[in-house]
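This briefing concerns one protein structure and is arranged by topic. Please read it alongside the sequence and the coordinates shown below.

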Amino acid sequence: MKNSSIDTHMGTIRIDKDVLAQYAGAIAMECFGIVGMASVNMKDGLVHLLKKESMTRGISVSVQNNKLNLDFHIIVSYGVNIVAVSDVLIETVRYQLEQFTGMQVDKINVFVEGVKVID
């Protein structure tokens, strides 16, 4: 299923998963302690920091029973509390996406793929 859909009394609204991933990525980048999204190369196990234009590759969106499930692959700043950063990310993204789409967010998984020292 490429799109998520919402049925209303006036018709159906379809939202592309890439739109949801872009919006979720923009929200995530505003959270303290997150440097960026990560791309993991399965062949050699290397992790790459994604540029802002391609950050959606670090976010996976799926829809089941009209509920959103998201996977974030992130790189955090050195010295931050990873649990606190993850909690803020989950709560912020959940609230903003539910307000944006009107759909319920069922699950958000956070995978910390790396740590980066910020100058």
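The face of α2 turned away from its buried side carries V83, Y95 and Q99, which are exposed (over 50% relative accessible area; buried is under 20% and partly exposed is in between, with a 1.4 Å probe and protein chains only). The model is predicted: local features need pLDDT of at least 70 and side-chain atom pairs pLDDT 80 or more, whereas totals for chains, interfaces and linings use all residues. Residues are numbered from 1 along each chain as its sequence is written, and side-chain values use heavy atoms, with hydrogens and water left out.

**Helix α2**
- Helix α2 spans residues 82-101, and its 20 residues reach 28 Å from first to last C-alpha, close to the 28 Å expected at 1.5 Å a residue (the expected span is 1.5 Å times one less than the number of residues).
- The buried residues of α2 are V85, S86, L89, I90, V93, L97 and T101.
- These residues lie on the same side of α2 because they cover an arc of only 130° around the axis, taken from the directions from the helix axis to the C-beta atoms.
- An α-helix has 3.6 residues a turn, so residues three or four places apart point the same way.
- At the N-terminal end, N81 caps α2, with a side-chain oxygen 3.0 Å from the backbone nitrogen of V83.
- G102 follows α2 and has a positive phi, near 80°.

**Packing of α1 and α2**
- Helix α1 (residues 17-29) packs against α2 at an angle of about 135°, with the axes 10 Å apart; axes are lines fitted to C-alpha atoms over the stretch in contact, and angles run from 0 to 180 degrees between N-to-C directions.
- This angle makes α1 oblique to α2, a class left over from under 35 degrees (roughly parallel), over 145 (roughly antiparallel) and 65 to 115 (roughly perpendicular).
- L20 is found in helix α1 and is buried, with a relative accessible area of 1%.
- L20 and S60 are 40 residues apart in sequence, and their C-alpha atoms are 9.5 Å apart in space.

**Loop between β5 and β6**
- N65 lies in the loop between β5 (59-64) and β6 (67-77), and its phi is positive, about 55°, although N65 is not a glycine.
- N65 is exposed, with a relative accessible area of 75%.
- N66 is found in the loop between β5 and β6; its phi is near 60°, and N66 is partly exposed at 42% relative accessible area.

**Overall composition**
- The protein has 2 helices and 7 strands, where helices (H or I, at least four residues) and strands (E, at least two) are DSSP runs numbered from the N terminus.
- Buried residues make up 38% of the 119 residues in the protein.

Conventions: A polar contact is a pair of N or O atoms within 3.5 Å; within protein, one must be able to donate a hydrogen and the other to accept it, and residues adjacent in sequence count only if both atoms are side-chain atoms.
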